[in-house]
Amino acid sequence: MKSVKQLLCVCLAAVLLTVGLPLWAASVPSESCGCGVTPRIYVDGFGSEIYYNQGTPEQTNVPTVVTDDLARTILLRTLPQLTAAAATRDWDRAADGLGLIFDSLLGHLRCDKEGNSVGPITARPTLDPAQNHTENPNYTFRYDWRLDPLTAAEQLHDFIGEVRAATGHENINLTAVSEGGIVALSYLALYQTESLESLALMISAHGGLTMVGELFNRNLALDAQRVTDYLAQTDDGGLLTALLDVLQQSGLMQPVLSLAVDIISHCKDRLFDNTLLPLLGQMPAIWAFVPPEYYDDARASMFGGKKGYDVLLEKIDRYHDLVGSRSTQLLRDAAASGLKIGVIACYGMAAIPAIPGADYQSDSLIDTARSSGGATVARHYQTLPESNSPYRSPDGIIDAATCALPDQTWFVRGNSHDAGPMMAWRDWLFAADEPVTIRSDPRFPQYFLRTADGVVPMAPGTPPETLRTEDLCGALQNFCGAVLRSVGIAK
Ligand SMILES: [Zn+2]
(Lines give C-alpha, C1' and ligand atoms only; values in the text may rest on other atoms or scores of the structure.)
Protein backbone atom coordinates (compact mmCIF):
# COMPACT_ATOMS: atom_id res chain seq x y z
CA MET A 1 0.00 0.00 0.00
CA LYS A 2 2.79 2.37 1.01
CA SER A 3 4.66 1.68 -2.20
CA VAL A 4 1.54 2.44 -4.26
CA LYS A 5 1.29 5.73 -2.43
CA GLN A 6 4.96 6.44 -3.12
CA LEU A 7 4.48 5.53 -6.74
CA LEU A 8 1.52 7.93 -6.95
CA CYS A 9 3.58 10.66 -5.32
CA VAL A 10 6.46 10.11 -7.74
CA CYS A 11 4.05 10.06 -10.68
CA LEU A 12 2.33 13.21 -9.48
CA ALA A 13 5.64 14.98 -9.01
CA ALA A 14 6.80 13.85 -12.44
CA VAL A 15 3.59 15.09 -14.03
CA LEU A 16 3.86 18.42 -12.24
CA LEU A 17 7.48 18.83 -13.24
CA THR A 18 7.08 17.82 -16.87
CA VAL A 19 3.75 19.50 -17.56
CA GLY A 20 3.36 22.15 -14.93
CA LEU A 21 6.78 23.77 -14.95
CA PRO A 22 6.99 24.60 -18.65
CA LEU A 23 3.43 25.92 -18.52
CA TRP A 24 4.31 28.04 -15.54
CA ALA A 25 7.53 29.19 -17.18
CA ALA A 26 5.69 30.14 -20.35
CA SER A 27 2.90 32.00 -18.61
CA VAL A 28 4.85 33.94 -16.03
CA PRO A 29 7.73 36.23 -16.94
CA SER A 30 10.99 34.78 -15.61
CA GLU A 31 12.00 38.11 -14.12
CA SER A 32 9.72 41.10 -13.98
CA CYS A 33 10.98 44.30 -15.60
CA GLY A 34 10.27 47.78 -14.25
CA CYS A 35 11.69 49.80 -17.16
CA GLY A 36 8.28 51.36 -17.91
CA VAL A 37 8.46 50.57 -21.63
CA THR A 38 5.62 48.19 -22.51
CA PRO A 39 6.51 45.84 -25.38
CA ARG A 40 4.47 46.33 -28.56
CA ILE A 41 3.29 43.66 -30.95
CA TYR A 42 2.27 44.58 -34.50
CA VAL A 43 -0.18 42.42 -36.44
CA ASP A 44 -0.24 43.30 -40.12
CA GLY A 45 -2.80 42.31 -42.74
CA PHE A 46 -3.45 40.66 -46.10
CA GLY A 47 -0.30 40.41 -48.19
CA SER A 48 2.16 40.77 -45.31
CA GLU A 49 5.33 38.66 -45.33
CA ILE A 50 4.99 34.90 -45.69
CA TYR A 51 7.87 32.64 -46.68
CA TYR A 52 9.20 29.74 -48.70
CA ASN A 53 11.76 27.71 -46.69
CA GLN A 54 11.34 29.84 -43.58
CA GLY A 55 14.23 29.66 -41.14
CA THR A 56 16.67 28.14 -43.67
CA PRO A 57 19.39 29.92 -45.68
CA GLU A 58 17.09 29.55 -48.72
CA GLN A 59 14.28 31.59 -47.10
CA THR A 60 12.53 33.88 -49.59
CA ASN A 61 9.41 36.04 -49.42
CA VAL A 62 6.30 34.80 -51.18
CA PRO A 63 4.94 37.50 -53.53
CA THR A 64 1.26 38.39 -53.04
CA VAL A 65 0.70 38.41 -56.77
CA VAL A 66 3.03 37.06 -59.45
CA THR A 67 3.09 39.36 -62.48
CA ASP A 68 6.12 37.82 -64.24
CA ASP A 69 4.07 35.75 -66.67
CA LEU A 70 1.05 38.02 -66.85
CA ALA A 71 1.68 39.67 -70.25
CA ARG A 72 2.66 36.29 -71.73
CA THR A 73 -0.45 34.63 -70.31
CA ILE A 74 -2.76 37.33 -71.61
CA LEU A 75 -1.21 37.47 -75.09
CA LEU A 76 -0.56 33.79 -75.71
CA ARG A 77 -3.31 32.06 -73.74
CA THR A 78 -6.18 34.38 -72.68
CA LEU A 79 -6.63 36.42 -75.86
CA PRO A 80 -6.80 33.38 -78.17
CA GLN A 81 -9.41 31.84 -75.85
CA LEU A 82 -11.45 35.06 -75.80
CA THR A 83 -11.22 35.42 -79.58
CA ALA A 84 -12.39 31.86 -80.06
CA ALA A 85 -15.16 32.46 -77.52
CA ALA A 86 -16.34 35.55 -79.41
CA ALA A 87 -16.29 33.68 -82.73
CA THR A 88 -18.14 30.62 -81.47
CA ARG A 89 -20.23 32.21 -78.69
CA ASP A 90 -18.74 29.57 -76.40
CA TRP A 91 -18.70 31.42 -73.09
CA ASP A 92 -17.01 28.53 -71.29
CA ARG A 93 -13.88 29.25 -73.29
CA ALA A 94 -14.07 32.91 -72.27
CA ALA A 95 -14.34 31.87 -68.60
CA ASP A 96 -11.35 29.57 -68.96
CA GLY A 97 -9.37 32.32 -70.70
CA LEU A 98 -10.08 34.80 -67.91
CA GLY A 99 -9.38 32.11 -65.31
CA LEU A 100 -5.84 31.74 -66.68
CA ILE A 101 -5.14 35.36 -65.68
CA PHE A 102 -6.16 34.73 -62.06
CA ASP A 103 -4.21 31.46 -62.00
CA SER A 104 -1.13 33.25 -63.25
CA LEU A 105 -1.45 35.98 -60.61
CA LEU A 106 -2.49 33.94 -57.57
CA GLY A 107 -1.97 30.24 -58.33
CA HIS A 108 1.08 29.98 -56.03
CA LEU A 109 -1.11 30.89 -53.02
CA ARG A 110 -3.68 28.15 -53.59
CA CYS A 111 -5.17 26.36 -50.58
CA ASP A 112 -6.67 22.86 -50.69
CA LYS A 113 -10.32 21.98 -50.06
CA GLU A 114 -9.66 21.81 -46.32
CA GLY A 115 -8.22 25.32 -46.21
CA ASN A 116 -4.54 24.40 -45.89
CA SER A 117 -1.69 25.73 -48.03
CA VAL A 118 -0.87 23.61 -51.08
CA GLY A 119 2.61 25.08 -51.53
CA PRO A 120 5.37 24.85 -48.87
CA ILE A 121 4.61 28.30 -47.45
CA THR A 122 4.81 29.26 -43.74
CA ALA A 123 4.84 32.38 -41.59
CA ARG A 124 5.95 31.58 -38.06
CA PRO A 125 6.61 34.52 -35.77
CA THR A 126 10.19 34.67 -34.57
CA LEU A 127 11.65 36.43 -31.59
CA ASP A 128 15.18 37.81 -31.67
CA PRO A 129 16.60 36.87 -28.26
CA ALA A 130 19.12 39.73 -28.51
CA GLN A 131 16.43 42.44 -28.87
CA ASN A 132 16.55 44.98 -26.02
CA HIS A 133 12.91 45.96 -25.53
CA THR A 134 13.74 49.13 -23.59
CA GLU A 135 15.51 50.51 -26.68
CA ASN A 136 13.28 48.86 -29.26
CA PRO A 137 9.92 47.66 -27.89
CA ASN A 138 8.52 46.68 -31.33
CA TYR A 139 7.82 43.03 -32.15
CA THR A 140 6.11 41.80 -35.32
CA PHE A 141 3.74 38.86 -35.26
CA ARG A 142 3.99 36.95 -38.55
CA TYR A 143 1.14 34.69 -39.54
CA ASP A 144 -0.21 33.15 -42.72
CA TRP A 145 -2.92 35.63 -43.70
CA ARG A 146 -4.59 33.08 -46.01
CA LEU A 147 -5.45 30.62 -43.24
CA ASP A 148 -7.88 30.31 -40.33
CA PRO A 149 -7.79 33.53 -38.22
CA LEU A 150 -8.64 31.58 -35.06
CA THR A 151 -5.49 29.49 -35.55
CA ALA A 152 -3.56 32.74 -36.05
CA ALA A 153 -5.06 34.00 -32.76
CA GLU A 154 -3.77 30.87 -30.96
CA GLN A 155 -0.32 31.51 -32.44
CA LEU A 156 -0.56 35.14 -31.35
CA HIS A 157 -1.34 33.96 -27.82
CA ASP A 158 1.83 31.83 -27.86
CA PHE A 159 3.88 34.71 -29.27
CA ILE A 160 2.60 37.11 -26.61
CA GLY A 161 3.70 34.51 -24.04
CA GLU A 162 7.19 34.45 -25.59
CA VAL A 163 7.45 38.25 -25.59
CA ARG A 164 6.30 38.42 -21.97
CA ALA A 165 8.86 35.80 -20.95
CA ALA A 166 11.64 37.51 -22.90
CA THR A 167 10.92 41.02 -21.62
CA GLY A 168 9.63 40.41 -18.10
CA HIS A 169 6.49 42.46 -18.76
CA GLU A 170 3.04 41.22 -17.68
CA ASN A 171 1.16 42.86 -20.56
CA ILE A 172 1.77 44.09 -24.10
CA ASN A 173 0.37 46.77 -26.42
CA LEU A 174 -1.23 45.36 -29.56
CA THR A 175 -1.45 47.17 -32.92
CA ALA A 176 -3.81 45.44 -35.35
CA VAL A 177 -3.97 46.73 -38.92
CA SER A 178 -6.49 45.69 -41.60
CA GLU A 179 -6.76 41.86 -41.50
CA GLY A 180 -4.78 42.13 -38.26
CA GLY A 181 -8.07 43.39 -36.77
CA ILE A 182 -9.64 40.03 -37.64
CA VAL A 183 -6.85 38.25 -35.77
CA ALA A 184 -7.17 40.67 -32.82
CA LEU A 185 -10.93 40.08 -32.49
CA SER A 186 -10.32 36.33 -32.76
CA TYR A 187 -7.89 36.74 -29.86
CA LEU A 188 -10.55 38.61 -27.85
CA ALA A 189 -13.03 35.79 -28.61
CA LEU A 190 -10.63 33.08 -27.40
CA TYR A 191 -8.69 34.80 -24.58
CA GLN A 192 -10.62 38.00 -23.81
CA THR A 193 -8.11 40.74 -22.86
CA GLU A 194 -5.53 38.38 -21.36
CA SER A 195 -2.02 39.94 -21.34
CA LEU A 196 -3.22 43.09 -23.16
CA GLU A 197 -2.57 46.60 -21.87
CA SER A 198 -3.84 48.36 -25.03
CA LEU A 199 -5.37 47.51 -28.38
CA ALA A 200 -5.23 49.86 -31.39
CA LEU A 201 -7.51 48.67 -34.20
CA MET A 202 -6.48 50.54 -37.34
CA ILE A 203 -8.34 50.47 -40.71
CA SER A 204 -9.58 47.14 -39.39
CA ALA A 205 -11.25 44.44 -41.47
CA HIS A 206 -13.09 42.87 -38.51
CA GLY A 207 -16.49 43.99 -39.87
CA GLY A 208 -15.77 42.55 -43.31
CA LEU A 209 -15.84 44.23 -46.72
CA THR A 210 -19.04 44.84 -48.68
CA MET A 211 -17.05 44.19 -51.85
CA VAL A 212 -16.17 40.62 -50.77
CA GLY A 213 -19.73 39.97 -49.57
CA GLU A 214 -21.14 41.02 -52.95
CA LEU A 215 -18.51 39.18 -54.99
CA PHE A 216 -19.00 35.95 -53.02
CA ASN A 217 -22.69 36.29 -53.83
CA ARG A 218 -21.60 36.54 -57.47
CA ASN A 219 -22.76 40.14 -57.83
CA LEU A 220 -20.63 42.20 -60.19
CA ALA A 221 -21.24 45.65 -61.64
CA LEU A 222 -19.21 48.40 -63.26
CA ASP A 223 -20.66 51.91 -63.11
CA ALA A 224 -18.91 54.55 -65.21
CA GLN A 225 -19.06 57.27 -62.54
CA ARG A 226 -17.72 54.92 -59.83
CA VAL A 227 -14.87 53.76 -62.06
CA THR A 228 -13.98 57.36 -62.85
CA ASP A 229 -14.08 58.37 -59.17
CA TYR A 230 -11.86 55.47 -58.24
CA LEU A 231 -9.34 56.17 -60.99
CA ALA A 232 -9.30 59.89 -60.21
CA GLN A 233 -7.93 59.26 -56.71
CA THR A 234 -5.12 57.10 -58.10
CA ASP A 235 -4.51 59.51 -61.00
CA ASP A 236 -0.81 59.35 -61.75
CA GLY A 237 -0.96 61.23 -65.05
CA GLY A 238 -0.66 57.85 -66.77
CA LEU A 239 -1.91 57.03 -70.25
CA LEU A 240 -4.52 54.47 -69.17
CA THR A 241 -6.13 56.78 -66.60
CA ALA A 242 -6.22 59.61 -69.13
CA LEU A 243 -7.76 57.37 -71.78
CA LEU A 244 -10.44 56.13 -69.39
CA ASP A 245 -11.18 59.72 -68.47
CA VAL A 246 -11.73 60.58 -72.14
CA LEU A 247 -14.07 57.60 -72.41
CA GLN A 248 -16.01 58.87 -69.40
CA GLN A 249 -16.23 62.48 -70.55
CA SER A 250 -17.30 61.47 -74.06
CA GLY A 251 -20.07 59.24 -72.67
CA LEU A 252 -18.47 56.08 -74.07
CA MET A 253 -17.33 54.66 -70.73
CA GLN A 254 -20.69 53.21 -69.65
CA PRO A 255 -21.33 51.38 -72.97
CA VAL A 256 -17.82 49.87 -72.81
CA LEU A 257 -18.22 48.84 -69.17
CA SER A 258 -21.70 47.47 -69.79
CA LEU A 259 -20.31 45.33 -72.59
CA ALA A 260 -17.60 44.05 -70.25
CA VAL A 261 -20.15 43.23 -67.53
CA ASP A 262 -22.36 41.54 -70.14
CA ILE A 263 -19.48 39.32 -71.28
CA ILE A 264 -18.51 38.54 -67.69
CA SER A 265 -22.11 37.71 -66.76
CA HIS A 266 -22.15 34.98 -69.43
CA CYS A 267 -19.06 33.29 -68.03
CA LYS A 268 -19.41 34.28 -64.38
CA ASP A 269 -20.58 30.98 -62.94
CA ARG A 270 -17.87 28.92 -64.58
CA LEU A 271 -15.27 31.54 -63.58
CA PHE A 272 -16.43 31.39 -59.95
CA ASP A 273 -16.71 27.59 -59.78
CA ASN A 274 -13.51 26.70 -61.63
CA THR A 275 -11.23 29.58 -60.73
CA LEU A 276 -12.31 31.92 -57.94
CA LEU A 277 -13.58 29.26 -55.53
CA PRO A 278 -10.38 27.15 -55.75
CA LEU A 279 -8.13 30.22 -55.66
CA LEU A 280 -9.81 32.51 -53.12
CA GLY A 281 -12.82 30.65 -51.68
CA GLN A 282 -10.54 27.91 -50.30
CA MET A 283 -8.56 30.42 -48.24
CA PRO A 284 -10.32 30.38 -44.84
CA ALA A 285 -9.28 33.96 -44.02
CA ILE A 286 -11.06 35.36 -47.09
CA TRP A 287 -14.32 34.23 -45.48
CA ALA A 288 -13.64 36.54 -42.54
CA PHE A 289 -13.88 39.38 -45.09
CA VAL A 290 -17.49 38.42 -45.87
CA PRO A 291 -19.69 40.70 -43.70
CA PRO A 292 -21.91 38.70 -41.33
CA GLU A 293 -25.18 39.62 -43.06
CA TYR A 294 -23.82 38.32 -46.38
CA TYR A 295 -22.37 35.12 -44.92
CA ASP A 296 -25.18 32.55 -45.25
CA ASP A 297 -26.01 33.51 -48.83
CA ALA A 298 -22.34 33.68 -49.85
CA ARG A 299 -21.65 30.25 -48.32
CA ALA A 300 -24.60 28.78 -50.25
CA SER A 301 -23.59 30.60 -53.44
CA MET A 302 -20.00 29.31 -53.35
CA PHE A 303 -20.33 25.82 -51.82
CA GLY A 304 -23.95 24.83 -52.57
CA GLY A 305 -24.09 21.28 -53.92
CA LYS A 306 -20.31 20.78 -53.82
CA LYS A 307 -18.65 17.93 -51.94
CA GLY A 308 -15.41 17.64 -49.95
CA TYR A 309 -15.59 20.96 -48.12
CA ASP A 310 -16.63 19.76 -44.62
CA VAL A 311 -13.34 20.67 -42.90
CA LEU A 312 -13.15 24.11 -44.52
CA LEU A 313 -16.81 24.85 -43.74
CA GLU A 314 -16.24 23.92 -40.10
CA LYS A 315 -13.37 26.44 -39.95
CA ILE A 316 -15.22 29.32 -41.55
CA ASP A 317 -18.44 28.64 -39.62
CA ARG A 318 -16.49 28.67 -36.36
CA TYR A 319 -15.06 32.09 -37.18
CA HIS A 320 -18.48 33.40 -38.19
CA ASP A 321 -20.09 32.09 -34.98
CA LEU A 322 -17.35 33.11 -32.53
CA VAL A 323 -16.05 36.33 -34.07
CA GLY A 324 -17.64 37.70 -37.24
CA SER A 325 -21.21 37.77 -35.99
CA ARG A 326 -20.15 38.94 -32.49
CA SER A 327 -17.72 41.77 -33.23
CA THR A 328 -19.78 44.51 -31.57
CA GLN A 329 -20.09 42.51 -28.35
CA LEU A 330 -16.40 41.54 -28.38
CA LEU A 331 -15.37 45.20 -28.65
CA ARG A 332 -17.80 46.31 -25.93
CA ASP A 333 -16.70 43.53 -23.57
CA ALA A 334 -13.05 44.44 -24.13
CA ALA A 335 -13.69 48.12 -23.36
CA ALA A 336 -15.84 47.26 -20.33
CA SER A 337 -12.98 45.17 -18.91
CA GLY A 338 -10.88 48.36 -18.69
CA LEU A 339 -8.64 47.66 -21.69
CA LYS A 340 -7.17 50.76 -23.31
CA ILE A 341 -8.81 50.39 -26.71
CA GLY A 342 -9.15 52.66 -29.73
CA VAL A 343 -10.58 52.14 -33.21
CA ILE A 344 -9.51 54.36 -36.11
CA ALA A 345 -11.12 54.28 -39.55
CA CYS A 346 -10.67 56.36 -42.72
CA TYR A 347 -13.11 57.83 -45.23
CA GLY A 348 -13.38 60.17 -48.20
CA MET A 349 -11.99 57.67 -50.71
CA ALA A 350 -13.91 56.02 -53.57
CA ALA A 351 -14.47 52.28 -53.12
CA ILE A 352 -13.33 49.65 -55.62
CA PRO A 353 -16.03 50.00 -58.30
CA ALA A 354 -16.66 46.32 -59.04
CA ILE A 355 -19.99 45.77 -57.30
CA PRO A 356 -23.50 47.26 -57.31
CA GLY A 357 -23.89 50.28 -54.99
CA ALA A 358 -20.16 50.98 -54.69
CA ASP A 359 -20.77 54.62 -53.72
CA TYR A 360 -20.14 53.94 -50.02
CA GLN A 361 -17.50 55.81 -48.04
CA SER A 362 -14.28 53.84 -47.71
CA ASP A 363 -10.53 54.04 -47.25
CA SER A 364 -10.43 52.89 -50.93
CA LEU A 365 -10.66 49.25 -49.78
CA ILE A 366 -12.72 48.77 -46.59
CA ASP A 367 -16.10 50.41 -45.94
CA THR A 368 -15.86 53.13 -43.29
CA ALA A 369 -19.10 51.92 -41.71
CA ARG A 370 -17.52 48.50 -41.14
CA SER A 371 -13.95 49.41 -40.14
CA SER A 372 -15.36 51.88 -37.58
CA GLY A 373 -17.52 49.20 -35.96
CA GLY A 374 -20.86 50.51 -37.19
CA ALA A 375 -20.81 54.28 -37.83
CA THR A 376 -23.70 55.85 -39.75
CA VAL A 377 -22.09 57.12 -42.95
CA ALA A 378 -23.49 59.18 -45.84
CA ARG A 379 -23.06 57.92 -49.38
CA HIS A 380 -20.01 59.26 -51.17
CA TYR A 381 -20.39 62.96 -52.09
CA GLN A 382 -23.45 63.28 -49.86
CA THR A 383 -24.04 64.36 -46.24
CA LEU A 384 -26.28 63.04 -43.48
CA PRO A 385 -29.54 64.81 -42.59
CA GLU A 386 -29.06 67.60 -40.03
CA SER A 387 -28.93 66.39 -36.41
CA ASN A 388 -27.61 67.40 -32.99
CA SER A 389 -25.68 64.18 -32.46
CA PRO A 390 -22.53 64.90 -30.43
CA TYR A 391 -20.78 62.27 -32.55
CA ARG A 392 -21.47 63.97 -35.90
CA SER A 393 -18.43 64.87 -38.02
CA PRO A 394 -17.81 68.58 -38.73
CA ASP A 395 -18.31 67.88 -42.47
CA GLY A 396 -21.69 66.18 -41.87
CA ILE A 397 -20.62 62.87 -43.42
CA ILE A 398 -20.39 60.61 -40.36
CA ASP A 399 -22.30 60.04 -37.13
CA ALA A 400 -20.33 57.77 -34.79
CA ALA A 401 -23.21 57.37 -32.31
CA THR A 402 -24.02 53.93 -33.76
CA CYS A 403 -20.45 52.59 -33.42
CA ALA A 404 -19.74 49.67 -31.08
CA LEU A 405 -17.55 52.13 -29.12
CA PRO A 406 -18.71 55.66 -30.05
CA ASP A 407 -16.42 57.33 -27.49
CA GLN A 408 -13.37 55.31 -28.53
CA THR A 409 -13.60 55.50 -32.31
CA TRP A 410 -11.67 58.05 -34.39
CA PHE A 411 -11.83 58.94 -38.09
CA VAL A 412 -9.48 60.37 -40.70
CA ARG A 413 -10.89 61.84 -43.91
CA GLY A 414 -8.83 61.63 -47.08
CA ASN A 415 -6.50 58.86 -45.93
CA SER A 416 -6.36 55.66 -47.93
CA HIS A 417 -5.95 52.10 -46.60
CA ASP A 418 -2.63 52.89 -44.92
CA ALA A 419 -2.13 53.02 -41.17
CA GLY A 420 1.26 54.77 -41.42
CA PRO A 421 0.06 58.40 -41.12
CA MET A 422 -1.92 57.58 -37.94
CA MET A 423 0.86 56.24 -35.75
CA ALA A 424 0.95 59.41 -33.60
CA TRP A 425 -2.62 58.56 -32.54
CA ARG A 426 -1.58 54.96 -31.80
CA ASP A 427 1.43 56.10 -29.73
CA TRP A 428 -0.79 58.53 -27.78
CA LEU A 429 -3.24 55.71 -27.00
CA PHE A 430 -0.42 53.43 -25.83
CA ALA A 431 1.22 56.13 -23.69
CA ALA A 432 -1.94 57.02 -21.77
CA ASP A 433 -2.18 55.96 -18.12
CA GLU A 434 -5.81 54.93 -18.45
CA PRO A 435 -8.38 54.31 -21.23
CA VAL A 436 -8.80 57.38 -23.45
CA THR A 437 -11.86 58.73 -25.25
CA ILE A 438 -12.56 61.30 -27.96
CA ARG A 439 -12.80 63.93 -25.18
CA SER A 440 -9.57 63.06 -23.33
CA ASP A 441 -7.19 65.35 -25.23
CA PRO A 442 -7.98 68.28 -27.59
CA ARG A 443 -5.08 67.17 -29.79
CA PHE A 444 -6.96 63.94 -30.53
CA PRO A 445 -10.61 64.80 -31.27
CA GLN A 446 -12.89 62.29 -32.98
CA TYR A 447 -12.35 63.62 -36.51
CA PHE A 448 -9.16 64.30 -38.43
CA LEU A 449 -8.30 65.43 -41.93
CA ARG A 450 -5.40 64.11 -43.96
CA THR A 451 -3.63 67.07 -45.54
CA ALA A 452 -0.31 67.68 -47.23
CA ASP A 453 1.05 68.40 -43.74
CA GLY A 454 -0.14 65.10 -42.36
CA VAL A 455 -3.10 64.15 -40.20
CA VAL A 456 -4.60 67.22 -38.43
CA PRO A 457 -7.76 67.71 -36.32
CA MET A 458 -10.77 68.56 -38.50
CA ALA A 459 -11.86 72.14 -37.90
CA PRO A 460 -15.52 72.94 -37.12
CA GLY A 461 -17.41 73.85 -40.28
CA THR A 462 -15.13 71.86 -42.61
CA PRO A 463 -17.13 71.43 -45.85
CA PRO A 464 -17.74 67.97 -47.37
CA GLU A 465 -15.78 66.88 -50.43
CA THR A 466 -17.30 67.73 -53.76
CA LEU A 467 -17.62 65.65 -56.86
CA ARG A 468 -14.72 66.13 -59.25
CA THR A 469 -15.93 67.87 -62.35
CA GLU A 470 -14.09 67.72 -65.65
CA ASP A 471 -15.20 68.16 -69.23
CA LEU A 472 -14.31 66.37 -72.43
CA CYS A 473 -12.00 69.20 -73.47
CA GLY A 474 -9.94 68.95 -70.27
CA ALA A 475 -9.89 65.16 -70.48
CA LEU A 476 -8.62 65.29 -74.08
CA GLN A 477 -5.93 67.79 -73.08
CA ASN A 478 -4.81 65.48 -70.28
CA PHE A 479 -4.84 62.53 -72.65
CA CYS A 480 -2.68 64.36 -75.23
CA GLY A 481 -0.26 65.34 -72.45
CA ALA A 482 -0.05 61.72 -71.30
CA VAL A 483 0.59 60.53 -74.88
CA LEU A 484 3.37 63.08 -75.37
CA ARG A 485 4.94 62.12 -72.03
CA SER A 486 4.75 58.43 -72.83
CA VAL A 487 6.66 58.87 -76.10
CA GLY A 488 9.19 61.16 -74.40
CA ILE A 489 8.29 64.42 -76.18
CA ALA A 490 7.01 66.20 -73.07
CA LYS A 491 7.80 65.92 -69.37
ZN1 LIG B 1 11.02 46.56 -19.52
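Two residues are in contact if their C-beta atoms, placed from the backbone, lie within 7 Å. Keep that rule at hand for this tour of a predicted model, in which local features need pLDDT of at least 70, side-chain atom pairs count only at pLDDT 80 or more, and totals for chains, interfaces and linings use all residues. Residues are numbered from 1 along each chain as its sequence is written.

**Stop 1: Arg370**

Select Arg370. Leaving aside residues up to four places away in sequence, Arg370 touches Gly207, Gly208, Leu209 and Pro291. Arg370 sits in helix H14, residues 368–371. Helices (H or I, at least four residues) and strands (E, at least two) are DSSP runs, numbered from the N terminus.

A residue is buried if 20 or more other C-beta atoms lie within 10 Å of its own, exposed if 12 or fewer, and partly exposed in between, with C-beta atoms placed from the backbone. Arg370 has 24 C-beta neighbours inside 10 Å, so it counts as buried.

C-alpha to C-alpha, Glu58 and Arg370 are 40 Å apart in space, and they are 312 residues apart in sequence.

**Stop 2**

Two strands pair if DSSP finds at least two bridges between them. S2 (residues 51–52) and S3 pair in the antiparallel sense over two bridges. Zoom in on Tyr51: Asn61 in S3 stands opposite.

**Stop 3: helix H13**

Select residues 327–336, helix H13. Its buried residues are Ser327, Leu330, Leu331, Ala334 and Ala335. Look down the axis of H13: the buried residues fall within an arc of 130 degrees, so they line one face. That arc is taken from the directions from the helix axis to the C-beta atoms. On the face turned away from the buried side, find the exposed residues Gln329 and Ala336.

What covers the buried residues? Helix H5 (179–191), strand S7 (196–202) and strand S8 (340–347) are among the cover. After H13 comes Gly338, with a positive phi near 95 degrees.

**Stop 4: H8 against H16**

Select H8 (residues 239–249) and H16 (residues 472–486). Their axes come within 8 Å and cross at roughly 155 degrees. Axes are lines fitted to C-alpha atoms, for helices over the stretch in contact, and angles run from 0 to 180 degrees between N-to-C directions. H8 and H16 are therefore roughly antiparallel (angles over 145 degrees count as such). Among the residues that meet are Leu239 and Val246 in H8, and Leu472 and Phe479 in H16.

Note on methods. Angles under 35 degrees count as roughly parallel, over 145 as roughly antiparallel, 65 to 115 as roughly perpendicular and the rest as oblique.
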